[in-house]
Amino acid sequence: MNKTELIDAIAAKTDIAKTQVGAMLDAFLETVVDEVAKGESVRLIGFGTFGLTERAPRTGRNPQTGTVIKIPGCKAPKFTAGASFKEAVK
């Protein structure tokens, strides 16, 4: 499912115009990105948590040449599914 299909599905379930659903979805995504970028987490009980994780520096190999390279540490977004979400997927 892509973003357009998600908007269509939400609009069909809620009887809200697709343009309004699209604006709300964009606002939701922007808010989640802004909060995670600030180092905060966004918890949606039963669905999951959007957060930030730090990856330690490590060594790796260039797959073409086989030479050892250093991969710097970084911050990366992370999603952890909630209990209800996990149970529904089982």
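This is a predicted model: local features need pLDDT of at least 70, side-chain atom pairs count only at pLDDT 80 or more; totals for chains, interfaces and linings use all residues.
Residues are numbered from 1 along each chain as its sequence is written, and side-chain values use heavy atoms, with hydrogens and water left out.

**Stop 1: the rings around Phe79**

The rule here: rings of Phe, Tyr and Trp (its six-membered ring) pair if their centres lie within 6.5 Å, with planes under 30 degrees apart called stacked, over 60 edge-to-face and the rest tilted. Phe50 belongs to strand β2 and Phe79 to strand β5, 29 residues apart, so to speak a link between distant parts of the chain. Helices (H or I, at least four residues) and strands (E, at least two) are DSSP runs, numbered from the N terminus.

What does that rule count up to? It gives 5 aromatic pairs. Another of them is Phe47 with Phe79: centres 5.5 Å apart, planes at 50°, so tilted. Phe47 is in the loop between β1 and β2, 32 residues from Phe79 in strand β5. Phe47 is partly exposed, with a relative accessible area of 38%. Now select Phe28, Phe47, Phe50, Phe79 and Phe85 together, and you have one aromatic cluster on screen.

**Stop 2: the sheet**

Show strands β1, β2 and β5. They make an open sheet of 3 strands in the order β1-β2-β5, with antiparallel pairing; two strands pair if DSSP finds at least two bridges between them. At the edges are β1 (42-44) and β5 (74-81), each pairing on one side only. From one strand to the next the twist averages 30°.

Zoom in on β2 (residues 48-55), which is joined to β5 by 8 bridges. Which residue of β5 is the bridge partner of Gly51? Pick Lys78.

Next, bring in helix α2 (residues 18-37), which lies across β1 and β2 and runs at about 35° to β2. Contact here means heavy atoms within 4.5 Å. Axes are lines fitted to C-alpha atoms, for helices over the stretch in contact, and angles run from 0 to 180 degrees between N-to-C directions.

**Stop 3: the hairpin**

Select β3 (residues 58-61) and β4 (residues 68-71), an antiparallel pair with 4 bridges. Arg61 stands opposite Val68 in β4. Among the 6 residues between these strands, look for Gly66, which takes a positive phi near 80°.

**Stop 4**

Finish on Asp15, in the loop between α1 and α2. Is Asp15 buried or exposed? At 73% relative accessibility, Asp15 counts as exposed. Its phi is near 55°, a positive value in a residue other than glycine. Most residues other than glycine have a negative phi.

Definitions and conventions
Buried means under 20% relative accessible area, exposed over 50%, partly exposed in between (1.4 Å probe, protein chains only).
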